[in-house]
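Please look over the structure below before reading the report. Keep it in view as the sections go by.

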Amino acid sequence: MTHFGVTVRETRERLRQNDRSYSLRQVAQRVGVEPAYLSKIERGDVAPPSEATTKRLARELGEDPDVLLALGGKVSSDLQEIIRRRPRLFADLLRQLREAPDHAILRVVREVRDGDW
Amino acid sequence: MTGEQIEGMEDTRQMITLELDRLTFRFPEVHPDAACAIDFQRTLRIPDDGDDYPLPPGLGSFPLRHVDDYLAQLPDAWRRRGGVLLPMHQAEAMWLSFDSDSGYPFAIKVATGKICAVTGDAWAERLNRDPQDYLVVPEQPWLDGYCVEKGLIRQFVAMPLGAGYTVEEQLTGAAEHGGLQIIAIPMKRERYEEMRREETCRVAYDVAPDVVYGPPTESAMGLAPGGRMRQEIYDDPHGLDVWDQRHFSRCFVSIVNSRQWQSITGEQPPTEPPTAAQYANAGLPWFDYYRDLDAVEATDKLKDTSSVAAIAAKKGDAPLPANQTISPGNVIPIGSRRPAPRRRQVREMPHA
């Protein structure tokens, strides 16, 4: 099994303990794939699904879509587009932050300014 | 010092970030789990005809942009407020979606034009319990409008500020602020940890003021009460003492008329949503949400506000196209009798 498949299966099974609508069949139906295909994904018999399917799966399972995409070896297309628009700037930024601890990265995250109202 | 400071308490405002058109509130100083996100959902405008309707679907998030990115294109007052910009077509509706992935509880106050959407009171940052002027997340997954009766809201509908329709104008007589204002306050760390331990064990106004409208600002929009919808505002099951009012984050969401959105941001605004009749005729789903929790009563202030259609009838105006009565046939019950759901409740059209 791949890490992607294990995560999907474990998350779905954990949700199913309290809610039977998280059966393989019902989750597959809500995500828009065949149950047999979802089963193969969970077992790692096939490659992780497309970006769109992974995002729907993440939403259905309450997982972060970027994390699930990363487990599937993918980067969200909107992030790719951000880098493509200003490749030098963002490539430099990401390389500089590669080894930075989480709290240091959070400090450079842009804040929504709260003004006077 | 900006805004009202909570008396006797140090102002420890925390960070809000904009992530994929969602406002994310984080309080790492309170607890690593203390984070919640709010997004603003496009939706159908339900008929403003006196009937009670079920919950309409979410049609995707409205785009949000930093005010600071467009300072040269915005009036001084907007620049001072900071926050974010959101585009809406006139007479378009919206609902707010609240999401706390970890299940960390939050008290959230929502105001339009600096008037509380739950009580109709003027904006205040401190939480009040009598009457309750805030929502409790994750118990409350959504807010679609103003609490006008117990279990009933009037839908948030965008109208130009200065035309007399907004709740702000109806209750204050002034068209000054518009937009939406939000403050998020996390639960106290100790109470949260206590709850987690408990969970582990178990697992096992009477007369309207004289209205003097200011000059309408061409692109400024406010929110007004539209059609009636069945939605409960849940009573706080935790009590006022559990909220850590020393820590809070707040945001002003300025609403821009979609016609001006492109000239400000250079981006196309979202297209107008389908009408409620088109949606219902296509047999697409509506929703009915149930939680086994008490709901708050409405205050007289909000009960006494008039809907857009009622004001328009008095003015001889027709601001609501496609307002005919409909019969939503496909109503899907969703909800839970269990305590706070950890997963996000889905309220959207099924995938094609």
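## Basis of the model

This is a predicted model, in which local features need pLDDT of at least 70 and side-chain atom pairs count only at pLDDT 80 or more, while totals for chains, interfaces and linings use all residues. Residues are numbered from 1 along each chain as its sequence is written, and chains are lettered from A and ligands numbered from 1 in the order in which they are written.

## Where the chains meet

Chain A brings 13 residues to the contact and chain B brings 23 residues. Two residues are in contact if their C-beta atoms, placed from the backbone, lie within 7 Å. The side of chain A that touches chain B has four nonpolar, three polar and six charged residues. Here Ala, Val, Leu, Ile, Met, Phe, Trp, Tyr, Cys and Pro count as nonpolar, Asp, Glu, Lys and Arg as charged, and the others, Gly among them, as polar.

## Helix pairs in chain A

Take helix α2 (residues 24-31) and helix α4 (residues 51-61) of chain A. Their axes come within 9 Å and cross at roughly 125°. That angle makes α2(A) oblique to α4(A). (Under 35 degrees is roughly parallel, over 145 roughly antiparallel, 65 to 115 roughly perpendicular, and the rest oblique.) Val27(A), Arg30(A) and Val31(A) of α2(A) meet Thr53(A), Arg56(A), Leu57(A) and Glu60(A) of α4(A). Three of the contact residues are nonpolar, one is polar and three are charged.

A second pair joins helix α1 (residues 3-16) and helix α3 (residues 35-43) of chain A. Their axes come within 6 Å and cross at roughly 115°. α1(A) supplies Gly5(A), Val8(A) and Arg9(A), and α3(A) supplies Ile41(A), Glu42(A) and Arg43(A). This contact has two nonpolar, one polar and three charged residues. Axes are lines fitted to C-alpha atoms, for helices over the stretch in contact, and angles run from 0 to 180 degrees between N-to-C directions. Helices (H or I, at least four residues) and strands (E, at least two) are DSSP runs, numbered from the N terminus.

## Nonpolar cores

A nonpolar core is a set of buried Ala, Val, Leu, Ile, Met, Phe, Trp, Tyr and Cys residues joined through C-beta atoms within 7 Å. Buried means 20 or more other C-beta atoms within 10 Å, exposed means 12 or fewer, and partly exposed lies in between; C-beta atoms are placed from the backbone.

The largest core has 96 residues, and Leu86(B), Ile108(B) and Cys147(B) have the most contacts inside it. Strand β17 (residues 247-257) of chain B gives the most to this core: six residues. Another core, of 13 residues, lies apart from it and includes Val27(A), Val31(A), Ile41(A) and Leu61(A).

Most residues other than glycine have a negative phi, and most peptide bonds are trans. A cis bond joins Asp130(B) and Pro131(B), with omega about 0°. Pro131(B) sits in the loop between β10 (115-116) and β11 (135-137) of chain B. Another cis bond links Val137(B) and Pro138(B), with omega about 15°.

Asp21(B) is not glycine, yet its phi is positive, near 60°. Asp21(B) lies in the loop between β2 (16-19) and β3 (22-26) of chain B. Ala322(B) also has a positive phi, of about 50°. Ala322(B) is partly exposed, because it has 14 C-beta neighbours inside 10 Å.
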